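Here's a short tour of one part of a protein model.

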Amino acid sequence: MTTARSTLDLGLSRVRDALCRLAHPERAVRVVHVAGTNGKGSTSAYLAALLRRHYDRVGMFSSPHLVHPRDAWRINGTPASLAQYEAARAQVMAAMPTTTAPTSSVLTQFELDFVAMLVHLRAHNVPATVIEVGVGGREDATNVFRDTLSFTSCCTAPTTAGTVVLATVVQRVALDHVGLLGSTVPEIAAHKAGIVASSAPCLIAVQADDEALATVRAAVRAEVSAVGGNVPVRAITTVRVERRDRTVAIAAEYVDDPEQAHRVEWTAAESVEEEGNSAILYGYQHRNAAAALATYDMIAPQLPPALKGRTESALDTLLQVRIPGRLDRVTLPTETLTLVDGAHNPDGARALRAYLDATASSSSSGGITWVLAATRGKDLGEMARILVLAGDRVITTAFSPVEHMPWVQSVDPAEVVAQVQKATRAVQLVGSKDRIWEVPREWVAPTPSHPRTVVAGSMYLAADVYRWIERC
């Protein structure tokens, strides 16, 4: 049997061919498709939670996987079992032509995982799913739901049959994957906007600034013109948390086409003012929650009635969602309470830094003990400049090899040290270890001068944290 290729190779021809050979599992499900540089994973998780108010089974495909590739496939939040994962992948590969050596026509591991996930959802009669884009959007393997695409390999059935794209979402766009998607925000935005589907509403999340928002809106408009059809577009301009006498709310302002401004808010009980909800109430997650809530509002007329007993507000639903690797508070096996965040580029670092500043209290003021790693090719120097302040303590490490993704390489811990020193000289360099589970307890233990410990720099480092916890 042919083996999938462990490489990054953008393009849709191989996936289209596989879907044809498998009788189009992508046409058996209603889809919300989410692209973006930052925030797409959290927004996808929030959207899946909202869809579960209406469907008894909701799927989700996330990228990258966290601990094991199978945890990228979820039904009602539960990952596929190892047996289910392997069986679905085997079914896909059995449908593909046999070749003696990997060639450019052979599925990549990511493509295989994505197609197999669709087979898995079909086998379990999942009616709706949220799909997170892998890289970019236009040429990403997940971009097979648009009814304007033409399948030219083995298909004879009309491409409009089956799949209903409930909505597309373009999350925050920033410089990332510049070697693949372009070296400017407009170039990258054009890739992200490439998921826009005919007749499905598109939500543009709040962007870093007005210029970025204008750039993303222009990219989406161009794509709407290209796909044709009626595509309602809504762009969020501002998001904030508002506290009142007995409630807390997320308030957002948005514009649509033509340029009409609107205001909307979503409320929850005041009892949510507790530590577990700080990611939404004080951190960047309120922006991702607003993107999910606004999308939910746009697709509400297409959804079945809410399931019996689902009477809580939409915001209350999101406040119950925990997202590993995103402002997630965990206790390490060293018994250290730690904040884990997968901030992996300067935009993500700024969001994490803002959260840390907003949640600093008299009991947690002082320096931070950082455990840092990064992926090669990322702007580590700028990330360090944003995150690490004078007086902070820094531990550097590397993350484990990423299964099915050999092109992802960790920066050597010594290079992380060099970048941190270059960015912020007045730091305390505690030491370096090859893996986070090798870090001694005393290195990460809180002290009166450094009461908080934060693990950041890469989702792959975050994954190692959860592996460490699982092993113990």
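## Ground rules

Two strands count as paired if DSSP finds at least two bridges between them. Helices (H or I, at least four residues) and strands (E, at least two) are DSSP runs, numbered from the N terminus.

This is a predicted model, where local features need pLDDT of at least 70 and side-chain atom pairs count only at pLDDT 80 or more, while totals for chains, interfaces and linings use all residues. Residues are numbered from 1 along each chain as its sequence is written, and side-chain values use heavy atoms, leaving out hydrogens and water.

## Strand β13 and its partners

Let's start with β13, residues 368–372. It has two parallel partners: 4 bridges join it to β14 (residues 393–396), and 5 bridges join it to β16 (residues 452–456). On the β14 side, Thr369 sits opposite Arg393. To get from β13 to β14, the chain passes through helix α12 (residues 380–387) in a right-handed β-α-β crossover (with the strands pointing away from the viewer, the path from the first strand over the helix to the second runs clockwise). Over in β16, Ala456 is the bridge partner of Leu372.

Is β13 covered or open? It's mostly covered, with 5 of its 5 residues buried (buried means under 20% relative accessible area, exposed over 50%, partly exposed in between, using a 1.4 Å probe and protein chains only). Ile368, Trp370 and Leu372 point one way, while Thr369 and Val371 point the other. In a regular strand, side chains alternate between the two faces of the sheet.

## Helix α12

Helix α12 is largely enclosed by the rest of the structure, because 6 of its 8 residues are buried. Among them are Leu380, Met383 and Leu387. The buried residues of α12 pack against α11 (346–359), β13 and α13 (413–423); contact here means heavy atoms within 4.5 Å.

## A buried serine

Where is Ser458? You'll find Ser458 in the loop between β16 and α15 (459–471). Ser458 is buried, with a relative accessible area of 2%. Leaving aside neighbours within four places in sequence, Ser458 touches several residues, including His344, Thr375 and Phe399. A polar atom of the Ser458 side chain also lies 2.9 Å from the backbone nitrogen of Tyr460.

Methods
A polar contact is a pair of N or O atoms within 3.5 Å; within protein, one must be able to donate a hydrogen and the other to accept it, and residues adjacent in sequence count only if both atoms are side-chain atoms.
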